[in-house]
Amino acid sequence: MSTLECLSSQRAFGGWHKRYRHRSVSTGTDMVFAVYLPPQTAEGRKVPVLYWLSGLTCTDENFATKAGAQRVAAELGLALVMPDTSPRGAEVADAEGYDLGQGASFYVNATEAPWSAHYRMYDYVATELPALVEAHFPVTAQRSVSGHSMGGHGALMLALRNPGRYCSVSAFSPIVNPCDVPWGQKAFAAYLGNDRSAWAAYDSIRLLATHAVSLPALVDQGEADSFLGEQLQPEVLVAAARKAGWPLELRMQPGYDHSYYFVASFIEAHLHFHARHLYAER
């Protein structure tokens with residue numbers, strides 16, 4: 001099990017927000033993640049965990065500093081775990097654009113050079129990080145997952161590929177069918193190669209066609225999102241969920257865009273949604 005190096009620690013709403021660095025077996029690099037431990041953990045209680053996956057260009061700090069989630073997590077007794085969005089470092093492959101390379105992993109296990117050397121974020125967020133968190137912090141094995149944009153894609157994909165591992169899933173402005181939109185096609189071609197059959201394992205629409213799932217799911221999408229029609233296409237997810245019998249709730253939010261102002265506006269509802277299911281599973 002990795003040794004954790006504490007990078008920072010701040011008191012917040014009676015709990016603690018802490019950042020850690022460790023050597024990842026999955027990526028072969030140092031990885032940074034943050035954890036918010038609510039005040040209940042200081043009383044000797046173990047609490048369930050919400051994993052948050054961020055979007056393109058983000059680190060662990062975007063959600064932590066902009067969403068305002070810690071106050072609600074403290075009230076509900078939820079730990080928050082916020083990983084970085086990719087491996088980083090001089091030895092890690094990168095690209096010119098914001099939508100490929102460092103900060104843009106799409107949470108896949110890359111199979112194509114040069115990405116395959118370090119871009120194994122699926123293994124990291126699905127297996128390695130939860131094992132690390134559960135070994136080092138006062139948390140239970142009850143987990144839920146959420147995310148924004150690329151991270152919304154990651155959250156939905158993880159939940160669909162791992163039925164039984166999570167108690168609930170939610171997303172803000174998710175990239176729901178990366179196989180069929182420009183962001184996903186660019187990333188998948190680079191990371192996974194040109195054989196599109198390999199892409200299906202990371203596409204929520206394809207997964208819905210092959211995986212039986214009853215996991216509670218909530219998606220919020222801003223109607224004023226500039227990426228709505230070309231990159232996000234939530235109506236495709238609704239149609240696939242209906243066909244698969246998946247109990248998905250999609251809420252279209254008038255006037256809201258793709259920013260963290262949108263996430264901050266509805267994160268409280270998402271945390272309450274997850275708390276109901278996380279504590280029901282105990």
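Modeller: A charge sits over a ring if NZ of Lys or CZ of Arg is within 6 Å of the ring centre and within 35 degrees of the ring normal. This is a predicted model, in which local features need pLDDT of at least 70 and side-chain atom pairs count only at pLDDT 80 or more, while totals for chains, interfaces and linings use all residues. Residues are numbered from 1 along each chain as its sequence is written, and side-chain values use heavy atoms, with hydrogens and water left out.

Arginine 161 lies over the face of tyrosine 202, 4.9 Å from the ring centre. The charged end of arginine 161 also sits over the ring of tyrosine 122, at 4.1 Å from its centre.

Helices (H or I, at least four residues) and strands (E, at least two) are DSSP runs, numbered from the N terminus. The axes of helix H3 (residues 121-136) and helix H4 (residues 150-161) come within 11 Å and cross at roughly 65 degrees; axes are lines fitted to C-alpha atoms, for helices over the stretch in contact, with angles from 0 to 180 degrees between N-to-C directions. Tyr122, Val125 and Ala126 of H3 make the contact with Met157, Leu158 and Arg161 of H4, where contact means heavy atoms within 4.5 Å. By class, this contact has 5 nonpolar, no polar and 1 charged residues; Ala, Val, Leu, Ile, Met, Phe, Trp, Tyr, Cys and Pro count as nonpolar, Asp, Glu, Lys and Arg as charged, and the others, Gly among them, as polar.

Rings also pair with rings. Rings of Phe, Tyr and Trp (its six-membered ring) pair if their centres lie within 6.5 Å; planes under 30 degrees apart are stacked, over 60 edge-to-face, and the rest tilted. This rule gives 17 aromatic pairs. The rings of tryptophan 183 and phenylalanine 227 are tilted because their planes are at 45 degrees, with centres 4.7 Å apart. Tryptophan 183 is in helix H5 (residues 182-192), and phenylalanine 227 is in the loop between strand E8 (217-222) and helix H7 (228-232). Buried means under 20% relative accessible area, exposed over 50%, and partly exposed in between (1.4 Å probe, protein chains only). Tryptophan 183, at 4%, therefore counts as buried, whereas phenylalanine 227, at 27%, is partly exposed.

Phenylalanine 188 and tryptophan 199 form an edge-to-face pair, because their planes are at 75 degrees, with centres 5.7 Å apart. Both of these residues, phenylalanine 188 and tryptophan 199, are buried. Lastly, Trp52, Phe63, Phe172, Tyr256, Phe262 and Phe266 form one aromatic cluster.
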